Structures are given as C-alpha cells and as structure tokens.
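Colleague: Let's talk through the aromatic contacts in this one. Keep it brisk, please.

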Amino acid sequence: MSFILEVRDVEKIFTIRKGFKTFRVMALRGATLTLSEAEILSVVGESGSGKTTLLRVIGRLYSENKGEIILFGSTVPKKLNKKQEIDFRRRVQIVFQDPFSSMNPVKRVKYILERPLRIYGMREKDEIKQKLEEVLQDVELSPAEIFLDKFPHELSGGQRQRVAFARSIITAPRIILADEPTSMLDVSIKSSILNLMLKLRQEHKIAFIHVTHDLASARYISDRIIVMYAGMIMEEGKAQEIVKMPLHPYTQLLLKAFPDPRGGKEKLSNLGEPPSLISPPEGCPFQPRCKYRTIECENLPPLYDVGGKKVRCVLYKI
Amino acid sequence: MRKLYVAIAILGIHLIIAAFADLIAPYDPSEIVNLPYQPPSKEHLLGTDRLGRDILSQLLHGSRLSIFIGVSVGALMTLLSTTIGMLSGYYGGVVDRILSTLTDVFLVIPGLPLMIVISAYIRVRGPLVVILVIALTSWGGGTRIIRSQVMSLRNRDFVMALKSIGESNFRIMFFEMLPNMFSLIVANFFSAVLYGILGEASLSFLGLSDVSKITWGTMLYWAQSANALLNGMWYWVLAPGVAIASLGTAFALLNFYVDELTNPRLRRS
Amino acid sequence: MSKEPLLEVKNLNAGYYKGKKFYHAVRNCSFVLYRNDFLGLAGESGCGKSTLALAMLRLLKAPGKILSGEIYLEKLNLLELPDEELRKRRWRDFSLVTQSSMNSLNPVLKIKDQMLDVYLEHSTDKSRERANQRLFEVMKLVNVDLKFLDSYPHQLSGGMRQRIVIAMALLFSPKLVVLDEPTTALDVVVQRSIIEQFQELFHKVMFSAILITHDISLLFEITKHIAIMYAGDIVEYGESGEVLEDPKHPYTKALLQAIPSISGELKEYKSIPGRPPDLSKPIVGCSYFDRCDYAFEKCQDVYPGAIRLSENGRWVKCHLYSK
Amino acid sequence: MKRFLVVLFLALALGTVLSSELTMILSVTGPHPKNFNPYLSTGPGPNYAAAGLIYETLYYVNNYTGEFVPWLATAYKWSEDLKALMLEIRQKVQWSDGVDFTVEDVLFTFEMLKKFPALDVTGVWRSGLSSVEKVDNKTIKFVLSDVNTMFLYNLFGVYIVPKHLWEKVEDPSKFANEGPIGTGAYLLESFTPQVFVLKKNPNYWQADKIKVERIRVPAFSGNESAQLAVANGEIDWAGINYPRIENIPNPDIKYWFVGGNPVFVFFNLEREPFNDVRFRKAVAQAIDTDQLIKIAMTNYAVRINPVGIKDGYSYLINENLKNKWWSYNAQEATKILEQMGYKKGKDGIYEKEGRRLSYNIIVPAGWTDWIAVCELVSQQVKKIGLEFKTTPVDFGQYLDMIRNKNFDVALSWANYGANPYIFYDNFLNSSNAYRGSNRGGWIDKETDELLAKLKLTDDLSSRKATMARLQEIVVNNIPAVPLFYNPVWFIYSEKNFTGWPNEKNAFVEPRTPGMDKIYLIMRLTPKK
Amino acid sequence: MKYFLQRMLFYLFTIFVAITLNFLIPRLMPGDPAERILSRYEADPNAIAAMKIALGIETDKPLLDQYVEYLKNTLSGNFGISYVYYPVKVQQVIQNALPWTVGLVGISTLISFVIGTLLGVYAGWNRERASGISLLMISILLRSIPYFWLAMLMVYVFGFRLKWFPIAGAYSSRQIMEGFQFVKNVLFHGFLPSITLIIASLGGWILTMRNNMVAILSEDFVLLAEAKGLKKKDILLRYAARNAMLPSFTAFGLSLGFVVSGALLTEIVFSYPGVGFTLYRAVISQDYPLIQGLFLIISLSVLTANLIVDLTYGFLDPRVRV
C-alpha cells in the first residue's frame, strides 16, 4: 500500500525579533513521517516539541524551510497558487485545539459550514443545504436544523468541536490534521470526540494526523504514535507498543510522568525542563536530562529501527 | 446600563434639536433681529450677539454643524484607524513595522499644535477642512487599539481555521475579523466623535475654522471676540459650552459603556 | 491516622452574579477535611470547584457571594470571624496556591520582596535576618536555587514559579493548604515533578491539603480522600482508592468510564451524554437527574441527602442508596 | 531666572513710584521684545516707543490738522524748480549721551537708508530722492530727480539716528538697538519683557514743555487683560480696541475715536455687472451707513462723505457737487435695478437672463467687526433684491484674491495717508489698481493725469481745482462705496493727567506708533 | 539597553518626521508664504518694499535645496528671525516663552497626574460603591468639557467676578517687585491657569487609572495578596496600584502631547506668555518662522518627555528591563 502523505526531512525555523537582534527558533528539525489511507497517526509531545508546527507545516499554514511534503505522490509546492490551494485544502483539512476560538463567534453555524463549500465553488442552495445536513448527521448533531442557526457560544464545547469536525469533512477530505482536538474539552466528553474521529475514519476513510500531549488519548485512537521532543522525532511505532514498551528514555519519562490512577509510580527525581529552541543542545536534544547519557550522545543519533519501531537513541545502536 | 440611557437621552435631545432647529428656534440665527448686545429677555432668552442676532437661535442651530462635524470626524478617524490598524495588525512584518511606526509618530506629535499649524497655512476654511485636519492628525490612538486587537484576533484559532479552508485575506480581515471588533470600533468611534466635537470647538474658538458658520465653537469665538465675559454676558459663553460638554458627555458615556461591554475585565457585575 | 477534623464545611451555598443572573455555583456543599489529610476535589469545568475553594477561604469577591453555610477551621467559624482577625490568621493558618502561577506573582516585585511582604506581615519576629533564614528554608524545601530569590517572576520558567508559589504557601507551616489547579498550565513532566515535590513536603511538613483539579486521573493517583463535585454539589466522598475501584454515584461511574487510561486493557470509552444543568436556574431534585441512566421519579423531585456508606466516612448523594 | 534677577535689580534700583507717571498701552502684543530700532515696524512694541519718544523726525506732520511743525529741522525751502529741498537743522540739540546733534547725523541717517533699503520704510529713496548733501553746518540739501511735492511726507517720516553710534552697527536692519540713544524727550530707564519705563530726558531741547516725568509701558498678552486694566483705571492711554467701552462705569475713562482709514465696499470693476455705474449706484444707495456705524461698528466708526474728504480738509470739498452726493435710498436703488432690466426671482433676488444677482463679499477672516459689517450689508442689500454672501477668507488669500482680480465684492479699506491728496492717489491711481488701495481697479486716464498734477505743485488753489475735478469723478462713477472711517482707537483716563485731545480739543490724531505720541504728551499736565 | 536604543532611534525618526512636516506644510499649502506675510504691510507700499528686503525672503530656490538648507539651519538651532518680534531671533522668542510653559504645564500636569492617579486608584477599588461611581461619572464629564471653556469660566468667576486671582499674565506688569514678592506674584498668577489645567486633565487620569485598577484587581496575584493576609493598604498600593500604574505611566508619556495642546488653549485664555500663547500669536499674525520654530519645539519637548517616560518605564516595569 502506498502512502497518501509523506513528509521528508522537514525543517521549520522561525525568526523572531527582539530589539535589534533576531533569533532563530528551531521549531522543527528534520521531521520525516508517512501516513497511509485511513490511518490515525498521533504525534505526542510536550509544549515546544514542535508537534503543532509540524501539523501546520503539513497543513500549509506555515511553509517549511527545508524538506518536502508529498501528497498523493506529488510534491506540494511551498507557495500555493489559488487553484492549487483550493485543491489542496479540499483534500487536507485542519481541526484546531480550541473549539471556543476556532470558530468565528459572530457567525452562525450555517455560515461557518457554508464557507468552505462556497470557496470551493458550490453555489447551488439546495445542494449546500443538503450537504450541511449530511455533515451534521455525520458528526452526530441532529436534528441539523436546530444547530444551523446557532452561534458557537450557544453550543457546548463538545458540540462545537463536532461542528469543527463537520466543517473539516464537508469537502470530503482524505486527511484531517487534528491539533489537540480534545485538550480543551471536559473529561466527560473527551472520549466522544475521540470516538467521532474513529467513526469518521471508519465511515469516510479519512486519515488523521492527531497531535496531542495526552498519551492516553493517543493510545486509545491511534494506529501509530510519533513522540517528538525539541523539534525532533524521537520515537515512532505502533501505538500499543509505544505505550507498553517505550524505548527512548524520553518516552519512558513521559509515560512515567503521565498520571495514572492505578499506577504505583516509581519516583522521578527533578529532571529539569525542555531545552531552549533558540540554542538547542548539541547532539541528542534530550541528553542534558537523560540518565543514560554517554559521550556518544554529543552526536545526534539517527532513527534506529528496533523491531518495527524507530527510535533516536544511541542505546539502540546496533 | 443607566449610563446608556442617560447618553441616549442627551443625544436624543440634541438630535431632535438639530433636526427641528428651524421649528424650535425663535428666529433665523443669522438674521439681525434686534439691537446688538441685548441682555436676556422674554424675546431673547439668551440675549443678542454683537450684531443683534438671537443667541438662543444660534445655539439651537449650532448643534447641526457641531454634531455633523463631530460625527464626520468620528467616522473618518474610525475609518482610518480601522483600516490602518487592520492592515498593520493582520499582515505583521514589514507592513506592520512601517504602519505602526507611522502610527506612533502621529501619536507622539502633539495633535492640536499640528492642527493649528496646518490650519494656519491652509487658506480655505470650512467644515470640511476642519474635519480633515482633525481626523488626519489624530487617528493614531485608535489605530493602536485596533491593531493590538487585530493582533490578538489574528492568533485566534478561527483565523487559522479560515486560512486552512482557503479563505482570502481580504475576507478574513473585513468579513470575519471586523464583525468581531464591532464593539471596539464603535467605542473607538464614540471617543473619536468626542474628540471631533472638542477639536472643532477648539479650532473654531481660535478662529481657525469658518467662523461665519454657526457652531458652538464659533459662538464661543464670537463671544470671546466681543469681550462677552468682561461685559457681563456670561450666558453667551456658558450656553454653547454647556451644549458642547453635554454632547461630549453623551459620547463619552457611550464610549465608556461600549468599552465596558467589550472589555470583560472592566465589566461591572 | 487521626480522624480529627481540621476543616469542616457545612451546607455552603455560594455563587456569583453575571449581569442580573445569579449562578448558584456552590450548592449545599458539605465536607470534612481531617488533619494531615490530602483531599482531592474533582469536577469538570464549571462545576463550581473554584468558587468553592474561594468561598471556603472567604476570598469570594463581588460579583461572587456566599449565601449561607458554615466553615469551621478548628472550631472557628471563618464566616463569622471579624475581618482583621481573619486577615491575621491568613497564611499563618491556611494558604492558597492558585491556578496559574503566571499570574499569581506580582510581576513588578522580586520574588524575595514578595515573600518578605508576607513574612514580615505575619511573623512575630520582624528581624530581617530571621526572615531571610526562613526564606532560604522554604526555597530549599521546594528545591529551588536561592539565587532565584533575586529574580523577577517573568525571568523564571512556569515550573519554577509554581515551586516558588508553593514555597511561599509554606512560609508559616500552615495547617491547611488549598491548591487550586496548581499544575494545569504545566507540561506533564514538570507537573509530575511538582506533584512529587509536594507529596514529599506533605510527608515532611505536617499539614492538610485540598487539591482541586479537573485532572481526575492525577487526583485519584495522589490524594487520600476524594470528593466528586457535580453542578455545585459534592455528590460522592470517600477514600480515593475505594472510590476508584467501586464508584457509587452514577456520575462518578460514568466519569471513570469516560477517561482514557494509559494502563490496563484498551477498552471503549464512553462520554457522558448531555451537559450539566444551568446553574443560574433552580434545581429541585438530583442535579444529575437528566443525564443519569439509573434515574427514577424521586430523583427529579427530591434532593438526595448524603448517605453514609461505610464507617470510614464514605458517603454519596444518590437516591439509589437510600433505604 | 535671568528675568527674575533683572526684575529684582530694577526693584531695588527704582524704589518708589513717581507721581507724574503715564501708563500707556501701545498695542497688545504680548511680552516686549527688546527692540528700540525705530525703523523696524514689523511688530508693534518698544520700537513704537522709540519712534517719537526717543528718536525724532525733522518735522512733525500733524495728520489731523495738516500742519507741519518744525522739529529737528527749523525750516524748509523748495528750490525754484521744485527739485531741491533745503533744510535748516536745529542747533543746540544733544543726543542723550551728551554728544551734539549735527548735520552729519542727518546726512548719515539718509545715507544709511540708501545703503539699507530695508530701513527705508517711508521710501525716501524710492520716491525720487537722488542725493543728500551737506551745505553747511546748519543746512542740508535734498536733491530730487523729478518734481514731487509730496516728497515732504516721505522725508518727514524718517527718524534721525546718531552717527557716532549707528555707524558701528554692521547691519542696522537687524539691529535691535537695546540701549537707545536719541534726541527725544525720553530715556529708557528700565526694561523687562513685562514692562518698560521711560524717564524724561533732562537735557531735551524742549525739556520745559515736558511735564510727564515717566512713561510706563506694560505688556499685555491678551485683549481681555488689557481691557480689564483699562476698566480698572490702571491705564492712562490705551491705543486698543474696547468693545462696549461706554459700559465702563469709571467716569475718568473717556474715549475719542477719530476717523482713520476709510472703509469701502469695493467692486471688481472688470466684471459684470460691477462695470456698470448704475449698478454701483444702486448698491451705494442700498447701504444705510448710519446703521452700519451704529450696529456693526457699535458707534465707534466715523461718518464718511461720498467723496471721502475728512473734516480737517473740508476746505477742499467741492461745494458745487454736494447736490449730486447720493444717500441711502432703497427705493431708488430698486428702481435702478428694474431700469437695468433685472427681474425679481422667486426668492426675492433680482436676476437677468438666468443670472442671479448673488455674489460673495470677501472680508479678512478674524476681523470680527468687519465681518459684522458684511453681515449687515448683506441684510441691507437683500432688501433691494441683491445677495451678498459674507465670505471670510484668510487674510493672505484675501489680498491674493484682490490682487488676482479674483473676487466680485470686497469689504476693504484704502490707505488715507497724511492728507486727501495722498488718499486720492492711493485710492484712484491706476498704478495702485488691485495691488494697492485701488482695490476695485479704477483705471482712468484723466484721473491719473489729475493725480500727477498734484505732485507737481505746492500751490493750494491749483491743488484745490484738481481735487474738485477728482471729486466729480468719484461722485459720478462711484468706483467704490465708502462706508465709514475706521476708528483710531484712543482711550484715555483723566485721573492723572489733563489736556487730552477730544472732540472739543481736537489737535492731533492720537495714534500710538509715531510722532503723534510726543506731540500729545507735550500737551499733558499732571493733575496734582 | 537595546530597548532604549530602539526607542531613541524611533524618537530620532519622529523628530525627523516633525522637522520635515514643519518644512513641508507651509510649502504644500497653496500660495507663497513670503507674499502673505508681506501683504500685511500693504498699507504702505514703501514699507512692504523695505520689509521684503529686511526679511530676506527668497522663494525661487529648488525645493530640495531649500530643504537641505532648512535642515542645516534647524539642526544648528537656527530657526530664523521672527517676523512679529523682528529682529529678535526665533530661538530667543522661544527661550522667553518656554520656561513659563514648562513651569505652568509641567507642574500642573504632574499634580494632575498624581491626584488623578490616586483618585483613580480609589475609584477602581471602590468601583461598586457610590463614591467610586460618582468619581467615574465626574471624570467622564470632565473629559467632555473643552479646556478653554473651563478656563473662560474660571477667569470670569474667580478673576472677574470675585477678583480673587489675576485674570492674565504670568506676573504683574504694573508694579515692580522684589524677590520673594515676585515669586509670590508668579505663583499667584499661575494659580488659576494651573487649577484649570489640573481640573481639565484630571478626568482622563482618573479614568485611565480606574480602568487599569479594575483590570488589575481581577488578577490572581491581587487575590493571592489578600489570601496572604496583607494589609489593605499594601494590597492596594504595592500590588494593585503599582501594576495598574504601568499603562497609566505610558499614557502619561503619550498624553503629554495632549496636555501641551490643552495647555495651549488655557494659555491663550489666560494670556499666559508661554509657548502655546506665543504659537497662537504667531499664527494670527502669520509669523511663519516662529510658527515653525514653535511647532518644532513643542514636538521636541513632547518627544523628550516621552523619551524620559520610556526610559524611566524600565524602573517601574522589570519586564522591559534588559
């Protein structure tokens, strides 16, 4: 099976200006990944790990400084022209973290859902109406009529996130890039959104790149998990395996730190904080915090293949 | 809430007077109807001016141009500051650096002296010039507020979301973001109107507008040039001032009210 | 463990005005906190847990309002205490760690000055030397380098700030520390290290703590007792382990069903359908009534009182358990 | 700080206030700049005091009476061909530093004006002077290139300055002359930007006539404060505008407003219908000048006759013409318009061939009394079916519009000068069309010839005949409609001094800028 | 340091803009400024001719050359000769006026800022109480009153009717005074204009500070300060007001421009011989060199004040300190 999306060695550097000095923030360093049809890939990491940047580069909200993005076998240009853009957006959609801010608060649901259709050239009123009802059913908001005339603030968080998903599937995309879609939701409804994603994958054969810091959610819905740290991919593998048997010391730390009511946790000592992205450490970015650190860590290790998993750590050097 | 009612009531009275000045005013404001410098009497509740024109009628008619100039200044300033603030805040980068430096420059160069200097050189005098001079020298403050609001809106997910569905920048700015800033713009407008009213009064008082047109500002100019206060004609100075202050207060209240609505941190429970 | 109550909240009713509407955010809340107990207060956003935290420390400001109730700290009713008396007891007897450490420190004062402000205000010994000594002690307690005392808040990372806030809370070895979402804005690893730090302190320095968070997994993991809050009311209370293993209230049950877990079997998680009731409207019966799978007629009309389930203090507010 | 010390010093030096001290307001201009250069007349201030009180002219020309009073010169004599003028210089006059005043000083002064045309404000060198020669120690000779009997008026406006001091000045046109030394009656005693004091020059050549010991000139930055000072009786002589002065309750305070420059309604004579004398006459008869004076000028302006000759020169009036003088007559005005073929439109304004008789009347912005005049004129002409819309324009633009013939009707003035001859020249000479006081552009060959004739003679009867013909031209053609003489502002107080000029004792035009001051002050007597 | 440098650069740029505006405005306007000033002396054509020479007005140079020369002159502090006060140099006229404005406006602004800020703290703290609300209403009202009108009323009531204070000038020009008497006289003359300025600008300060206070009071650290049992005074001043002052302080810098404007009208009404009044006189008598010089000085002083505010801001807010 070929991949519907390939990301090769993508690098993203932000320059920020402070007074006269400009700083280069290495938000993303050499990210490579693939996505198959109807696959759910979770990208897990702490804030500053580059996971959202990765998503936005793929979603063409940022353009990469280096690397290549291949969608359905053809390279996506850095700057899209109008036609390319519409073509691209139709196939790749993004769902944002905060349903409270990802929809224009002064527009009704109907308008919010209609816009993509109109941008992509649909003019027929009946057709649009039918389409709207269809997608609202798909995201389990029914009866559709009730919701169409509502403003976002009249909906609950979960409902809003459903509308956001409705907006993203209305153009029948093949890929949805979901940026922490559940992190702002109440615990009691989190799982419903996860379930919705599973359902959309099932019914519409949509592939997801799901960015999250919540390992439990990632484990729940994804086929594969990528762990990112300081702008780099540290580990990649099947979801269950990553959670059960993390290889990279960072992944291990992350898992240990993750709250688990049933886990009799071993104690972590104070392990410092993620590195600055302006002047990241030489070699493995995790080495200043790593208890297995050796002299070899001064050089950046490649992603090693370890039993179907990939891991960026010298411990697994063969 | 009471602020709103008070403001609307004051504004309403002014608007009614302005609309029906012809009917309410006892005389034609530019007609010489009596001897000059008549003290208040039954015929002339506020006396007559140096030419023998009825001051009350002038006061009532004056509201027209005063309000018109104030509102026009407000509209023009709001238009300028919204457009510039929007472009500057939305595009960021070089566009922003140029526009916001320009804004800052206009913000720190003192407005009234600049207005006076410009008015001193402009040979044509009239309401339009007054409106342009005030608005063009004073759009900086509003622009800054709009810009910072746009910058915070720009980072909101919904703008990202709109970009992600391929919405054009123009549409994002003026169809999507603008309605979100509606109350801010309205607040801005109200304070700009207040500024316009006071600005017009100041320029007119200095004789830098067309003083043959009747506004409250030019009334004060005439009163001053006729030595009204030293001659005991305090009512001639008091009346237009009260009119300006009350209209100004209405707009200041509206501004404050909308400000409170917009800025949840100011909201009274 | 001694079962001597430290803090007793009885039938507390509080809320806040939003426009003309009154949000009755804390309804009839009652619970007991024992000495050296670690109580978790769990609830979703908008369930009133923060209002409760502020109300029980008498910090609820207008537009917030305490309607009725009693709050005893060692037999002393906080709600009836004169202002000045209360002010003097603050921080010595009970301290607070708030939600976002970002905003809980005064941005224009050095850490040291902020700490000294509190210390010199309440300490009987006003000597600088003694004060500095105490500052050093608490800084060591939370494992923060002393050099940061001379920093301004913006110069520190989020984790560091939160440690300092905790250090500050322990300046006087208070009897009670209330932690309101202390780690919400932090990354998991940092959160973990702070929680560990806190647990350590909990054993070292004898005090009682109330931890309020929506992160239920964390709460169950680290607290001794847990109180589940729903729509302004505590619906279930008990030892954390017991509640986790054997939730009684339908809401607790559903909640535990809904949260994906990192360990254990992978199963299907189900969210709780519907949304919590509008707190600005009166609720007659059980507040969970309309979302509850087990609801019956009585639930709609009769407010369920607390039902003791066991000797160790566990109780639940649900008609399913009334005789 | 510096100013503070100066004031402190003065306070210590001066001690008590003297009794025969005159406090006067020269003009309201804000803090005094320290400038006692009598030639620099851009901004009124201490230089006004310098002119007349410190520096003096050769003769004093009394504009009110037309009289020539010998001053630093004792006599003048024209040569036969009227191309040379001999002046006898007064002897035994000293500069206030003790140096003798000589012919050399006079010579130096005129040579200086030649070298620095910027100082030649009366235009002696521009009006035909070709050289100045010292004849002997008493006599100086002015040689003219052409005959110009009016030259006297230019000559006698020049203030004589001391050679021994001014020859060291590099550029006298930029010289502030902070320590003035003159021949005049007063010396600068103290100076601060807020007030300066002049004291009597004990060695003045006519010191016995000076009874005012000190003159104090306080600075006023605003009309209000100056007016209040007047009302409070703190000022003896104020040359300022004071609306409603009659309301001051203080009986000591009097005023006498003598007529200054005449004010006219000018027409652009190049345009229709203003090029038609009938139309001009209609406008002239539509305007009730009495009402203008009474209401718009609050009775302060002085009545004018249609030929514009002031009372002091009434002997020049062509009596035969008086029956042709027009006066206010609205019906007559309407009749003229009807005769001209105008028809009244719906709005009561006359029109012909679709053209309404509606014009803008321009007036300098900020000249509030004149704007009032315009307003009233508009109302008056409206009654006969004309529309003059008051249009205040910036002063610079106002003059531009007149100069560029880009106006219809203007409220403006003509410079009267020292006498009616000069006035007629200013008012009617085609060389002054638009650029000068001939604002409507009256261009007439005969007029120009008559005006030239005036300069070639100093014989009164010949001048009178010429003037009579000029008056005929004015009355027949009405180049502009005279409204009134603008008042010369003169407010005085009888509290400390007597001898002031007024209607009953009209000996001078009481202006503050020049020699009139000293002529007036010499006639004042302290009360105590 | 970077921050300061950047601000300095900005101000330099702004000064440049102000200078250029100053150069361009008279030249962009229709008509020849030289002709305009001369035309005032039309009364006597001879006087005009003399004036033209005296003022040395040349206008036929290319604009760029004029600009370069203008820049040179301006930067060397040579603003030319005032027409009205001829032959006094513009810089001399300004030098005479500046101390009065700096004294009157500077002190009044400072007083107004301090009082207004304190009242703002009070109004913010008591925002629910009647006292706070009435303060708010008063400041809204004060903000809507034209400065000059208030000044006129002050002149009328306290100067003309009650005769408590002189109505004009900076000190009496009628008597000559000794040291302390002089100072007293200056203070006496300055009182009414100063009070007018203070009252007129008070509303703005109260409003700004009140709004800041209201915003800051909802911050966590203020709540925490109370939880810490700090005294009300400390919470109010050290925690709330200290932070609420920051935007007020910036506003203080920015609004100096407006204060100068307000003072300008007040100076005119009181005939106070400061910069504003001089500008007014220059404008009505079309003294262009003086207008240009004054505008530049006003801009410069506002900019300097802004710069000072910017520089001192760092001491108040550690976050911008580098």
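Modeller: Start with Phe423(D). This is a predicted model, and in it Phe423(D) has 0% relative accessibility, so the residue counts as buried.

Colleague: Is Tyr424(D) buried or exposed?

Modeller: The cut-off for buried is under 20% relative accessible area. Tyr424(D) has a relative accessible area of 0%. That makes Tyr424(D) buried.

Colleague: Which kind of pair do the rings of Phe423(D) and Tyr424(D) form?

Modeller: Their centres are 5.3 Å apart. Planes over 60 degrees apart count as edge-to-face. Here the planes stand at 85°, so the pair is edge-to-face.

Colleague: Which residues form one aromatic cluster with Phe423(D) and Tyr424(D)?

Modeller: Both residues belong to one aromatic cluster in chain D.

Colleague: Where does the charged end of Lys310(D) sit, relative to Tyr416(D)?

Modeller: Lys310(D) lies over the face of Tyr485(D), at 5.4 Å from the ring centre. Its charged end also sits over the ring of Tyr416(D). The distance to the centre of that ring is 4.2 Å.

Colleague: How many aromatic pairs does the structure hold over all chains?

Modeller: The count runs over all chains. One of the pairs is Tyr119(C) with Phe172(C), stacked because the centres are 5.3 Å apart and the planes at 5°. The total is 84.

Colleague: How many residues apart in sequence are the parts that Tyr119(C) and Phe172(C) tie together?

Modeller: Tyr119(C) lies in helix α4 of chain C. Phe172(C) lies in the loop between α6 and β7. So the pair ties together parts separated in sequence by 53 residues.

Key
Residues numbered from 1 in each chain as written. Chains lettered and ligands numbered in written order. Predicted model: local features only at pLDDT ≥ 70, side-chain atom pairs only at ≥ 80, totals over all residues. Heavy atoms only, no water. Phe/Tyr/Trp six-rings, centres within 6.5 Å; stacked < 30°, edge-to-face > 60°. Helix = DSSP H or I, 4+ residues; strand = E, 2+ residues; numbered from the N terminus. Buried < 20%, exposed > 50% of the residue type's maximum accessible area, 1.4 Å probe, protein only. Lys NZ or Arg CZ within 6 Å of the ring centre and 35° of its normal.
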